[in-house]
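Reader: Hi! Could you walk me through this structure in plain words?
Author: Happy to, let's look at it together.

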Amino acid sequence: RAAPGARAGSAIAGDAGAPPVVDPPDRILADSVADFSLTQDDHGWRYGYDTGTFESFALMTRESIITLYMPVSNDVWKCWANDTAHWTQLFQLGAHPNGTVTSTPSDAILQRAVRRWTSTYAGDVTISGEVAKIDIVDSNGVDAFVYVDGVQRYTTFIAGDDGGGRAYKFVAALQVGSVVDFVLDPHAGQDHHDLSRFTGIVVRVEPGPAE
């Protein structure tokens with residue numbers, strides 16, 4: 001990737017000794033890491049939560065920092081947070097949901113962390129990314145979902161100690177105004193140590209050669 005926040009294409013290996021071929025930057029429609037912002041609707045992203053259904057989506061209300069977890073780099077991770085459920089957070093690399101089995105000072109309510117992107121493009125796209133636990137101490141795991149216009153297209157369970165996680169990739173057809181939701185759910189309602197990496201990239205599918 002180019003300078004922070006700048007879009008760049010992915011490198012594809014060419015012939016031995018030749019420089020890699022780089023995809024045109026405009027093929028990448030959305031990148032949850034590069035596009036992350038503490039301004040709602042920046043680059044088409046909205047940061048919020050739901051209570052278990054697509055229709056219940058609501059925006060997060062304040063800026064905060066990830067609490068009770070310190071990366072080895074000692075970096076401070078800024079995030080979106082919510083007033084009614086302390087652990088509902090979204091940050092550049094992922095999220096933390098809130099559950100019905102929780103800890104103080106949070107309320108015991110289900111709030112799935114939702115990163116929503118709205119498309120200005122009509123056509124086929126590839127949606128890909130990765131899911132993995134960041135905090136691997138005393139967690140019962142998380143469930144990750146990707147929805148397109150409210151229809152579930154991908155789901156996986158990540159065990160509480162699975163710092164390696166897994167990658168995902170699928171093709172979807174979008175319209176202008178289509179929404180893609182990347183949703184992190186506390187497995188079985190328990191949110192203890194659920195801080196997780198959850199990324200998403202949306203790339204245009206190039207039409208094949210005419211026959």
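**A chat about loops, strands and salt bridges**

Author: Let's start in a loop: Pro105 sits between strand S9 (94–96) and S10. Helices (H or I, at least four residues) and strands (E, at least two) are DSSP runs, numbered from the N terminus.

Reader: Before we go on, what kind of model is this, and how are residues numbered?
Author: This is a predicted model, in which local features need pLDDT of at least 70 and side-chain atom pairs count only at pLDDT 80 or more, while totals for chains, interfaces and linings use all residues. Residues are numbered from 1 along each chain as its sequence is written, and side-chain values use heavy atoms, leaving out hydrogens and water.

Reader: Thanks! Back to Pro105, what kind of peptide bond joins it to Thr104?
Author: That bond is cis, with omega about 10°. Most peptide bonds are trans, and most residues other than glycine have a negative phi.

Reader: Which residues have a positive phi here, then?
Author: Asp41 is one of them, with phi near 75°, and His193 is another, at about 55°.

Reader: Where do I find them?
Author: Asp41 is in the loop between strand S3 (28–31) and strand S4 (45–50). His193 is in the loop between S15 and S16.

Reader: New topic! How many salt bridges are there?
Author: The whole structure has seven. A salt bridge here is a side-chain nitrogen of Lys or Arg within 4 Å of a carboxyl oxygen of Asp or Glu.

Reader: What about Arg197, which residue is its partner?
Author: Glu130, with the closest N and O atoms 2.3 Å apart. Since Arg197 is in strand S16 (residues 196–198) and Glu130 in strand S11 (residues 123–133), the pair ties together parts 67 residues apart in sequence. Arg197 is partly exposed at 25%, and so is Glu130 at 32%.

Reader: Which residues form a salt-bridge network?
Author: Start with Glu206 and Arg204, whose side chains meet in a salt bridge of 3.2 Å, N to O. Glu206 is partly exposed at 39%, whereas Arg204 is buried at 18%. Salt bridges with shared partners link Arg27, Arg204 and Glu206 into one network.

Reader: What other strand does S7 pair with?
Author: Strand S8 (residues 89–91), also in the antiparallel sense, over three bridges. In that pairing, Trp80 stands opposite Leu90 in S8.

Key. Two strands pair if DSSP finds at least two bridges between them. Buried means under 20% relative accessible area, exposed over 50%, partly exposed in between (1.4 Å probe, protein chains only).
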